[in-house]
Amino acid sequence: MRSLIIIAIHLCAALTPLAVWHNSSVQQERPFPGWPNELHGRELTPLPLTAQEQGFSRGFPGKIGRFNDGGRDVIIRYVERPTRNLHPSADCLRGAGFAMSNQPIWRDAEDRLWGCVLAERGGESYRVCEHIRDDSGNGWYDVSSWFWSALLNNDEGPWWAVTIAERV
């Protein structure tokens, strides 16, 4: 009996995204509001996407922008609907050959929580932090918690996923 309950719970969890995605397919597209001009009081300078980032942007439900704020690289992903195409930056860096280690959660001056990792490869080290927020003031410091929250609450977004990479 216990096994049947566990199987039923897993089956429900597996099918939940399908039910919610069906509803999200009728969502209206919103006009893109444009990229922010600054982050944490630092002016953002737009940079061209790398070939790898251009590849990620194909099929992505939103837009991807790359910036520099005078000392840090910033990737901003504008997300129009819940998607598994929004990957944690740690996964991308690990795929690029970086060794990853978790770092303490960072609380910025605006009281936002950021999930952080240390990425190391060939003598280079970067502190990489990411945060996802919506326009209603909700925020998440990891992609998985954002995805399930957005999906199960049938949130309509959009969301801003911001990743900051700083050489340490």
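A residue is called buried under 20% relative accessible area, exposed over 50%, and partly exposed in between, using a 1.4 Å probe and protein chains only. The model is a predicted one, in which local features need pLDDT of at least 70 and side-chain atom pairs count only at pLDDT 80 or more, while totals for chains, interfaces and linings use all residues. Residues are numbered from 1 along each chain as its sequence is written, and side-chain values use heavy atoms, leaving out hydrogens and water.

Glu 53 has 14% relative accessibility and therefore counts as buried. Glu 53 belongs to helix H2, residues 51–57, where helices (H or I, at least four residues) and strands (E, at least two) are DSSP runs numbered from the N terminus. Beyond its neighbours within four places in sequence, Glu 53 is in contact (heavy atoms within 4.5 Å) with Pro 48, Ile 64, Arg 66 and Ile 75.

The largest nonpolar core has 13 residues, and Val 79, Leu 86, Ile 132, Trp 146 and Trp 159 have the most contacts inside it; such a core is a set of buried Ala, Val, Leu, Ile, Met, Phe, Trp, Tyr and Cys residues joined through side-chain atoms within 4.5 Å. Helix H4 (143–152) and strand S10 (159–167) each supply at least two residues of this core, with H4 giving the most, five residues.

The structure holds one disulfide, a pair of cysteine sulfur atoms within 2.5 Å. Cys 116 and Cys 129 form this disulfide, with their sulfur atoms 2.2 Å apart, and both cysteines are buried.
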